[in-house]
Amino acid sequence: MVQSEPSRFHRWLPILALALVAGAGFVSPSVAQGRFPRIPIWAMAGAFRDSSFYQPIVCVGGFKGLPAETLVARPRTVTVRFLRDRVAEVRPDFGGYRIYRVVETPDTSRMQLIRRFSRNFGDTRTWNFSLVDTTTLEFMCQGGVANDSIVTFVDPDSNGNYVKQCRTLDALGRCTSRGDSVIRLIAPPGPHDGFRTWYAITYEELNSSDNNYADLFVPGPYDTSGNYSKCGTPGDSTTCPRINLNSKNSNMISVPVEPTGGPTQNLERVAVVPNPYLAHEAWDLAGQHELHFINLPAHSTIRIYTVAGDLVTKLTHDDPVRDFERWDLKNANGHDVASGIYMYRVEASRFTFQSRFVVVR
């Protein structure tokens with residue numbers, strides 16, 4: 001049920017253990033400062049329930065007597081969790097955290113901002129956890145120490161983002177009450193079924209003059225990737241712009257997660273995506289090919305045949321959460337199949353369904 005991100009997650013286990021010491025909720029300043037601007041982040045398929053699920057307006061970890069934290073199987077849902085940085089949060093330029101998402105490829109230039117936990121003016125409703133005491137670096141909530149080092153975000157988030165919008169719109173979505181705005185709760189669209197999904201996180205900068213809500217700039221080495229073309233003086237790296245160490249590339253899960261639409265018992269909804277398969281699809285990894293059988297019952301068998309009736313391969317689907325099964329376009333002997341028309345037959349309990357699809361190499 002849980003599809004975690006083991007490589008990076010295990011890397012941060014010692015820090016997470018420190019963060020979750022019972023009754024302490026404290027990471028030493030040296031440990032916290034040593035990882036800035038890196039933010040430990042991991043993700044899993046399903047909806048994780050912690051105290052924010054039950055009382056979202058109270059600081060997470062600030063009260064007792066809650067049911068055990070659980071991961072619930074839920075269609076089209078991914079849980080993202082990250083470890084707060086108490087040293088970063090007391091910086092005068094700290095404005096919050098920003099979560100990004102992208103599907104099909106870990107290309108940060110295509111990432112979409114889907115959630116802000118912001119300390120900027122007017123965004124206080126997005127921050128439902130403790131504040132750091134500038135002297136002790138303890139997480140404090142309502143006069144007491146809170147144990148909420150880890151933040152949980154469920155995508156799609158029922159809390160969503162608070163966005164300033166025009167109060168009234170016409171049928172075309174145009175503002176008809178300029179100068180009269182309201183704060184509305186906007187939930188982001190959920191993850192896509194069966195697509196590999198990557199998440200990243202960055203620090204937000206505290207707005208000083210303009211409400212630009214930008215990523216915090218943490219200067220790194222001079223950027224000479226353009227052969228000094230970006231620099232003020234050719235050959236002088238000190239006139240080049242600096243690389244921002246607060247980057248989505250540095251703070252991204254290394255192993256993607258896959259949300260799902262959930263099993264169905266209606267075989268009439270079974271389909272092949274894409275159909276036809278045209279040489280390459282966006283979700284294909286380098287040098288690999290795959291198509292998806294979707295809307296499958298939790299327990300089913302898929303047999304693929306040539307139009308002549310020869311069995312190409314057999315797939316077994318046994319998953320109470322995900323409703324799809326991949327096929328790598330190889331036969332039972334591990335060889336790539338040729339272009340052509342193929343038949344497939346899905347069997348579940350006493351019911352069967354069959355149809356056809358096309359492969360074009």
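Select Asp336 and Lys330: they form a salt bridge (a side-chain nitrogen of Lys or Arg within 4 Å of a carboxyl oxygen of Asp or Glu), with the closest N and O atoms 2.7 Å apart. Asp336 is partly exposed at 48% relative accessibility, and Lys330 is partly exposed at 28%; here buried means under 20% relative accessible area, exposed over 50%, and partly exposed in between, with a 1.4 Å probe and protein chains only. This is a predicted model, in which local features need pLDDT of at least 70 and side-chain atom pairs count only at pLDDT 80 or more, while totals for chains, interfaces and linings use all residues. Residues are numbered from 1 along each chain as its sequence is written, and side-chain values use heavy atoms, with hydrogens and water left out.

Next, show Arg98, Arg116, Asp123, Glu204 and Asp215, which salt bridges with shared partners join into one network. The structure holds 15 salt bridges.

Move to Glu290 and Arg196, another salt bridge, with the closest N and O atoms 3.5 Å apart. Glu290 sits in the loop between strand 17 (277–278) and strand 18 (291–294), and Arg196 in the loop between strand 12 (181–186) and strand 13, so the pair ties together parts 94 residues apart in sequence. Strands are DSSP runs (E, at least two residues), numbered from the N terminus. Glu290 is buried at 7% relative accessibility, and Arg196 is buried at 13%.

Strand 5 and strand 6 are joined by six bridges.

Keep Phe117 selected. Beyond its neighbours within four places in sequence, Phe117 has contacts (heavy atoms within 4.5 Å) that include Phe82, Tyr97, Ile99, Trp127 and Phe153.

Of its 29 residues, Val80, Phe82, Tyr97, Ile99, Phe117 and Tyr199 touch the most other members. Elements giving two or more residues to this core include strand 1 (41–45), strand 4 (78–83) and strand 10 (150–155).

Finish at the second, separate core of 21 residues, with Phe293, Trp327, Leu329 and Tyr344 among them.

Note on methods:
Core = buried A, V, L, I, M, F, W, Y, C linked by side-chain atoms within 4.5 Å. Helix = DSSP H or I, 4+ residues; strand = E, 2+ residues; numbered from the N terminus. Pairing = 2+ DSSP bridges.
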